[in-house]
Amino acid sequence: MGRGDLRAFENGARRLRNVFIQPTGGVTRRPGLRHVATLPGAARLIAFEFNTEQSYLLALTHQRLDVYLGDLLVATLAAPWTGAMLDQIAHTQSADTLLLLHPAMPPQRVTRSSHTSWNFGGWNWIAAPFFRFADPGVTMTPGGTTGSVTLTASAPFFEAGHAGSQLRIGGRRVTVTAVASATSATAQVVETLAAAAATQDWDEAAFSSVRGWPATACFHQDRLVLGGSRDLPNRLWLSRSGDLFNFDLGTGLDDQAIEFGLLSDQVNAIRAVFSGRHLQVFTSGAEWMVTGDPMTPASIQLHRQTRIGMPNSRILPPVDVDGSTIFVARSGQAVHEFAYTDVQQAYQASDLAMMARHLVQDPVSLAYDQTRRLLHVAMADGSLSTLTLYRAEQVTAWTRQETEGAFRALAEIDGVVWCAVERAGTVRLERFDDALAVDAGLTGSADTPKAHWTGLGHLQGRAVQVVADGAPHGTFTVLSGGVTLDEPAGAVQVGLGFSHVIEPLPPQLLSAGGSRSGPLRLVAASFRVLETAALSVDLGRGAQPVPFRRLDTALLDAAPLRFTGDVTLRAFGWRRDTMRPLWRIEGDTPLPLTLLSVTIETRMTD
């Protein structure tokens, strides 16, 4: 507000609510939200793209997985996670298989056979990674070399959760079947042991109920990359090339598995692994680049790039935008662009929310709409901040979306942004729809016009706005799951209303000596609009609707025509408070609005 010399001041606005900024200029009233379903509780939304023609939305809720094809629920499965685990669930996809991970849950594999046939299952480890958790001096003594044997540790080691996990003794595997005490357990020999004698050459599975399970994953250079676990938060595992569930290190040949830890002077719990130009590793304290072309045990190198860090409270997968990676900072008050620079041969992280700190507060979910070049970020307070990002033209612009409820989770599929929205104590599955101008809305049509419209049980008792045959018909209350209009209509859209606000920064008026001058009078303002059906402007005396309708081109009871062109409005009165904006657009009329530019004429003296 006090730095008119900054380029951001020239391009900025004082307030933008419920509008999208177009990457090429102008702002548009955002689409409405179409009601799809009521979810059983808090949800995590995941996009599953089976091929170029078949894409699904997976809604993860408490001990349940719902699969949607478009607006249709096609499958429901029982799931091993709880509602409290949703924030820490990570995922990655390869062809028809989706991998789900959580530090407290054995990794799950979701496969699709048809639209309505989906299956859960654990991973079929060909060779799981191993790690020595016990002190080096602790020995393990097997009671035999084959069959069922008793294992005896020289110090307390075994826990009840070891049952079902594997150990390696002298490089050969055994599976623990039962735990008798902290120093004794029964095991089934998988690979014949060399001797039934005490040895320090033993280790255990890196992942188990005792040690925790993988936290994150991605696919890179034909390898499955696992990042971190509960007891090994800073460790990376890369599978054998072309053999995704084989983590046998072997003898270090080029195609064999790779394993290493991220060791530095700060905490580096891995929060995400991302396959971009390089393998990118995002931790709680820094961002890393893993190189190697191709990536082999001999060529792999690890380089720390920046020290931003990601949040520990939840998994927020990074998003690719034009070759750069967008991630949320550990502070919860910044969204960074992680981009590679050829000059420095390194990654840099620039803060995209420097001018919008008030809009970025504790993000909980991200989704990128590539079609509109919009990055949607849901916040913990239920608001939705939208970033228009067009790197070629250096466009970085934020707006805020609000609704009668709270945005809780997001996902994007083929240009459609899906939302889990909490309304009136329930969680609804909704999506942005250009055919709607209301929230939690539905559309309907009939061959014969009718006055009573039903199917609105999800809005029972709520005041809703109705657009009938393309024209706003006011506010109605939903009773018995429906509304009754004053006049019959052949097509309607019904839902919760929302208001849009467009307000510029105040004029920057400086005298030759640098002091602020005034007072100021707004003489006229010209608004250039595109395909706009409703516009209300406040020039200092309250918002007044701008009449677009012409009696010679439309009937009064017909849908408003969309207007494209310039509208010039005259203003009166002097402004002594030069911090106030000279004009303001605000309204809740559920009709399209696109503002391209505003030109003002002002006077400082008579």
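This is a predicted model: local features need pLDDT of at least 70, side-chain atom pairs count only at pLDDT 80 or more; totals for chains, interfaces and linings use all residues.

Reader: Why is Arg-230 called partly exposed?

Author: Arg-230 has a relative accessibility of 44%. Buried means under 20% and exposed means over 50%, so 44% falls in between and Arg-230 counts as partly exposed.

Reader: And what makes Arg-230 and Asp-231 a salt bridge?

Author: Their side chains meet at 3.1 Å, N to O. The cut-off is 4 Å between a side-chain nitrogen of Lys or Arg and a carboxyl oxygen of Asp or Glu, so this pair qualifies. Asp-231 is partly exposed too, at 31%.

Reader: How do you know whether Arg-211 and Glu-204 are buried or exposed?

Author: Check them against the 20% limit for buried. Arg-211 has a relative accessible area of 13%, and Glu-204 has 2%, so both get the label buried. They form a salt bridge as well, with the closest N and O atoms 2.9 Å apart.

Reader: What about Arg-372 and Asp-369, which labels do they get?

Author: One of each kind here: Arg-372 is partly exposed at 29%, whereas Asp-369 is buried at 2%. Their closest N and O atoms are 3.3 Å apart, which is within 4 Å, so they form a salt bridge. Elsewhere, salt bridges with shared partners link Arg-14, Glu-503, Arg-584 and Glu-586 into one network. A search of the whole structure turns up 28 salt bridges.

Reader: Last one: why are strand 24 and strand 27 called edge strands?

Author: The sheet is open and has four strands in the order 24-25-26-27, with antiparallel pairing. Strand 24 (270-275) and strand 27 (301-306) each pair on one side only. From one strand to the next, the twist averages 25°.

Reader: How do you know that strand 25 and strand 26 really pair?

Author: Pairing takes at least two bridges. Strand 25 (residues 279-283) and strand 26 (residues 287-291) have four, in the antiparallel sense, so they count as paired. Within that pairing, Leu-279 stands opposite Val-290 in strand 26.

Methods: Residues are numbered from 1 along each chain as its sequence is written. Side-chain values use heavy atoms; hydrogens and water are left out. Helices (H or I, at least four residues) and strands (E, at least two) are DSSP runs, numbered from the N terminus. Axes are lines fitted to C-alpha atoms, for helices over the stretch in contact, and angles run from 0 to 180 degrees between N-to-C directions. Buried means under 20% relative accessible area, exposed over 50%, partly exposed in between (1.4 Å probe, protein chains only).
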